[in-house]
Amino acid sequence: MNILRDSDATRARLLAAAADEFAAHGIAGARVDRIAIAANANKAQIYHYFGSKEALFEAVFDTLVAKVVQDIPIDVHDLPGYAATLADGYDSHPEVARLATWYRLEYATNRSPSPQIVSSLREKVDSIARAQTEGVLPTHYAPGTLLALILHVAALWAATGPEFSAAIRPPARQQRRDIVADAVRRILT
């Protein structure tokens, strides 16, 4: 029993250290030796639990996706609030946007789409489509387009580079949240 707990604890430490490493350096720049040191483990354990650096990244990303889907479910009756909550998540956990960017740039290019992400997106699109059919949401945009707009508006501040902050003073966190919610409200009108 203790072996299982130790194994789970080691795996969790490796995932946490890997998330930090991948967020900072991407997949190509990440180093398994740094991950092992940060996790108080050794490189052999990384390969034992995950098989490869790429598989470790996939495990990190899948864990992240599962957490976001669980913690921030879509609410078709309050899409502005849903978007604002996503934006809050990006503010609280900037590594999420960085990991998603590395995923798009380095990992997803030559691979099949993540079944977990595809399933989550289909469920969201289906929820929006049902809400449109029921008259809860406007039909101006197709369900997939509406979801894409909401997701991108939610990621607005996370996607701006340091040059934006240098050129234009970004609004405070609550104002950013309010702007995201307002923008989604306007998309829905």
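Is Ile187 buried or exposed in this structure? Ile187 is buried, because its relative accessible area is 17%, and buried here means under 20% relative accessible area, exposed over 50% and partly exposed in between, with a 1.4 Å probe and protein chains only. The structure is a predicted model in which local features need pLDDT of at least 70 and side-chain atom pairs count only at pLDDT 80 or more, while totals for chains, interfaces and linings use all residues. Residues are numbered from 1 along each chain as its sequence is written, and side-chain values use heavy atoms, with hydrogens and water left out.

The protein chain as a whole comes next. It holds 10 helices and zero strands, where helices (H or I, at least four residues) and strands (E, at least two) are DSSP runs numbered from the N terminus. The order along the sequence is therefore written α-α-α-α-α-α-α-α-α-α. The C-alpha trace of the protein chain spans about 55 × 40 × 35 Å along its principal axes. Of its 189 residues, 35% count as buried. Contact means heavy atoms within 4.5 Å, and among contacts between residues at least 6 apart in sequence, 65% join residues at least 24 apart.

Ile187 belongs to helix α10, which covers residues 173–188. When neighbours within four places in sequence are left aside, Ile187 is in contact with Tyr141, Leu146, Leu149 and Val153. The C-alpha atoms of Ile187 and Asp8, 179 residues apart along the chain, are separated by 44 Å.

Two of these partners of Ile187, Tyr141 and Leu146, are also touched by Gln132. Gln132 lies in helix α7 and counts as buried, because its relative accessibility is 10%. Not counting residues up to four places away in sequence, Gln132 touches Leu137, Pro138, Thr139, Tyr141, Ala142, Pro143 and Leu146. Its side chain also reaches the backbone oxygen of Tyr141 at 2.9 Å.

Buried in α4 are Lys53, Leu56, Phe57, Ala59, Val60, Phe61, Leu64 and Val65. An α-helix has 3.6 residues a turn, so residues three or four places apart point the same way.

Helix α4 also gives the most to the lining of the largest pocket, with nine residues. A pocket is found on a 1 Å grid over the protein atoms alone, as an open set of points where a 1.4 Å probe fits, with protein on both sides within 12 Å along at least five of seven lines; lining residues have an atom within 4 Å of a point. The largest pocket has a volume of about 1,300 Å³, volume being the space filled by probe spheres set on the points, which are joined across faces, edges and corners. Of the 37 residues that line the largest pocket, the closest to its centre are Leu64, Val68, Tyr90, Val96 and Ala100. The elements that give two or more residues to this lining are α1 (2–29), α4, α5 (79–92), α6 (94–107), α7 (115–133) and α8 (143–154). By class, the lining has 24 nonpolar, seven polar and six charged residues. Here Ala, Val, Leu, Ile, Met, Phe, Trp, Tyr, Cys and Pro count as nonpolar, Asp, Glu, Lys and Arg as charged, and the others, Gly among them, as polar.

The second largest pocket has a volume of about 220 Å³. Of the 13 residues that line it, the closest to its centre are Asp91, Pro94, Trp157, Ala158 and Thr160. Helices α5, α6 and α9 (162–167) each give two or more residues to this lining, and α6 gives the most, with three. The lining has seven nonpolar, three polar and three charged residues.

Ser114, in the loop between α6 and α7, counts as buried because its relative accessibility is 10%. Leaving aside neighbours within four places in sequence, Ser114 is in contact with Asp62 and Tyr103. Asn40 is placed in the loop between α2 (32–38) and α3 (43–50) and is exposed, because its relative accessible area is 65%. Asn40 has a positive phi of about 55° although it is not a glycine. Glu163, in helix α9, is exposed, with a relative accessible area of 58%.

Terms used
A polar contact is a pair of N or O atoms within 3.5 Å; within protein, one must be able to donate a hydrogen and the other to accept it, and residues adjacent in sequence count only if both atoms are side-chain atoms.
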